[in-house]
Amino acid sequence: MANIIVFCILAVVILGSAVMCVTTKRIMRAATFMLFVLFGVAGLYFLLDYTYLGAAQIAVYAGGVTMIYVFAIQLVSKRTLQGLIERVKCSRMLWGGLATLIGLATVVLVFLKNEFVFRACEVADTEESMHTIGQALVGADKYQYVLPFEFISVFLLACIIGGLVVSRKNED
């Protein structure tokens, strides 16, 4: 019963922070709300007794949000950080709402076509050990994930270098 209560609290925190993240007009507040979402997801990992994944979630994404703070300060103008930005147009909101409804319809159709809703109540026959999951994450064989992780790290490094190049002021 306590797990259900903790799950409900985490779900409210995650959903509320996610909504606030995408609706706020200030970039620093959006990054802070995103940090709350990521901490909530880490709480879900801890609730499922995946302590390693919870700790990795906090370590990796807390550092990532710190980088977002740095880039927000460097790349965004002072007026934007103070909240003095242009207002959102109604036509842009209508197009965004239409795109959201199309995305929602696509997700619902995929769920219904593949019977995800009905399979969600079934319990898996076997439980994978943490050793197997760890080997899949750091292995280099087929269906293992060390190469995608390396590609992502190189991509993120390129993004950081690109952000620094963009943020440099021309001295000409």
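User: Which exposed residues does the face of α1 turned away from its buried side carry?

Analyst: That face carries Ile4, Ile9, Val12 and Leu15, which are exposed. A residue is called exposed when its relative accessible area is over 50%, buried when it is under 20%, and partly exposed in between (1.4 Å probe, protein chains only). Please keep in mind that this is a predicted model, in which local features need pLDDT of at least 70 and side-chain atom pairs count only at pLDDT 80 or more, while totals for chains, interfaces and linings use all residues. Residues are numbered from 1 along each chain as its sequence is written, and side-chain values use heavy atoms, leaving out hydrogens and water.

User: Which residues of α1 are buried, and what puts them on one side?

Analyst: The buried residues in α1 are Leu10, Ile14, Ser17 and Cys21. They cover an arc of only 75° around the axis, and therefore they lie on the same side of α1; the arc is taken over the directions from the helix axis to the C-beta atoms. An α-helix has 3.6 residues a turn, so residues three or four places apart point the same way. The buried residues of α1 pack against α2, residues 27-47.

User: How many helices and strands does the protein chain have?

Analyst: The chain has eight helices and zero strands, where a helix is a DSSP run of H or I with at least four residues and a strand is a run of E with at least two, numbered from the N terminus. Of its 172 residues, 11% are buried.

User: Why is aspartate 49 called exposed?

Analyst: Its relative accessible area is 64%, and therefore aspartate 49 passes the cut-off and counts as exposed. Aspartate 49 sits in the loop between α2 and α3 (51-75), and it has a positive phi of about 65° although it is not a glycine.

User: Which residues line the largest pocket?

Analyst: The lining includes Tyr45, Tyr52, Gln57, Gly134 and Phe149. A pocket is an open set of points on a 1 Å grid over the protein atoms alone, where a 1.4 Å probe fits with protein on both sides within 12 Å along at least five of seven lines, and lining residues have an atom within 4 Å of a point. The largest pocket holds about 360 Å³ of space, and α3 gives the most to its lining, with six residues.

User: How many residues of that lining are nonpolar, polar and charged?

Analyst: The lining of the largest pocket divides into nine nonpolar, two polar and no charged residues. Here Ala, Val, Leu, Ile, Met, Phe, Trp, Tyr, Cys and Pro count as nonpolar, Asp, Glu, Lys and Arg as charged, and the others, Gly among them, as polar.

User: What is the volume of the second largest pocket?

Analyst: Its volume is about 310 Å³, and its lining has 12 nonpolar residues, one polar and no charged. α3 gives the most here, with seven residues.

Note on methods:
Contact means heavy atoms within 4.5 Å. Grid points are joined across faces, edges and corners, and a volume is the space filled by probe spheres set on the points.
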